[in-house]
Amino acid sequence: MKKILSILSVLLLCSCGTTQVSDVTEESVSAEEETITETEEQTDEQESSNILVVYFSRAGENWEVGNVEKGSTRIVAEYIAETVGADLFEIVPVEPYPESYEEMLEIASAEQNENARPEILNTIDNFDEYETILLGYPIWYADMPMIVYNFLESYDFTGKTIYPFDTHGGSGLSGTVNHIKETVPGAEVKEGLPITGKAVQNQFEDTKSVINEWLINNDLMDSVKSL
Ligand SMILES: Cc1cc2nc3c(=O)[nH]c(=O)nc-3n(C[C@H](O)[C@H](O)[C@H](O)COP(=O)(O)O)c2cc1C
């Protein structure tokens, strides 16, 4: 029996990519089996997610937060995707934005004045599979960055539900929910969630409860999960 278990264990360990071969007992075999089942379940869950978190965010110098390694909207987007078990997509510009806040202000202002559509480097091939899209962006000059308009215009949002969230320096959502509605009239656009970049960078643990509440109110997360 021990020999059979030993062979089985080696097979199991190989099949899940674990390199360590340990002493074999019936207990360890069943623990391995449980791990495999859990992994399969997780993969199924990930594969069947019809929720997508899309965000645009920028690292570097910013208003009231200094020079940040990770943009505030990205921090929120990653937290939401992990919490609701959604897929995550970052809108990456073809032309990277500068780290300097002053330079960024000039570029963003010019893009807005020109009603520009900065090019996006990456695409979502399976966009049709998503019904629910949580869209995150920073406020730039009281609006969404122009690259987010480009994103919205690049896909067919008919029949999709959009939950907007932003990070900002005091402007809140600043009319962006209506701008999304105007840009993608075929979508249902829900109430947005505004969070200050400062709260994200300095007190993210406290900020999580505000995000959780919004997710729960929108039936995107069970209240049990948040405990
Ligand atoms: C070019 C630019 C313009 C901005 N304009 C505004 C604004 O009009 N209102 C506001 O509240 N915050 C404004 N901010 C602050 C950002 O919205 C805020 O720092 C946000 O959290 C940045 O998100 P991110 O780190 O994900 O890029 C601006 C920041 C930049 C870089």
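## Helix packing, ligand shell and backbone

Helix H3 (residues 72-84) packs against H8 at an angle of about 55°, and their axes are 11 Å apart; axes here are lines fitted to C-alpha atoms, for helices over the stretch in contact, and angles run from 0 to 180 degrees between N-to-C directions. This is a predicted model, in which local features need pLDDT of at least 70 and side-chain atom pairs count only at pLDDT 80 or more, while totals for chains, interfaces and linings use all residues. Residues are numbered from 1 along each chain as its sequence is written. Helices (H or I, at least four residues) and strands (E, at least two) are DSSP runs, numbered from the N terminus.

H3 and H8 are therefore oblique to each other, given that angles under 35 degrees count as roughly parallel, over 145 as roughly antiparallel, 65 to 115 as roughly perpendicular and the rest as oblique. On the H3 side, Ile75, Val76, Tyr79, Ile80, Thr83 and Val84 meet Phe204, Lys208, Ile211 and Leu215 of H8, two residues being in contact if their C-beta atoms, placed from the backbone, lie within 7 Å. The residues of this contact of H3 with H8 comprise eight nonpolar, one polar and one charged; Ala, Val, Leu, Ile, Met, Phe, Trp, Tyr, Cys and Pro count as nonpolar, Asp, Glu, Lys and Arg as charged, and the others, Gly among them, as polar.

Around the ligand there are 23 residues, of which Gly71, Thr73, Pro138, Gly169 and Gly197 come nearest; a residue is near a molecule if its C-beta atom, placed from the backbone, lies within 6 Å of it. H3, H4 and strand E6 (161-168) each supply at least two residues of this shell, and H4 gives the largest share, four residues. By class, the shell around the ligand divides into ten nonpolar, eleven polar and two charged residues.

Asn115 is exposed because 8 other C-beta atoms lie within 10 Å, and Asp219 counts as exposed with 7 C-beta neighbours inside 10 Å; a residue is buried with 20 or more other C-beta atoms within 10 Å of its own, exposed with 12 or fewer, and partly exposed in between, C-beta atoms being placed from the backbone.
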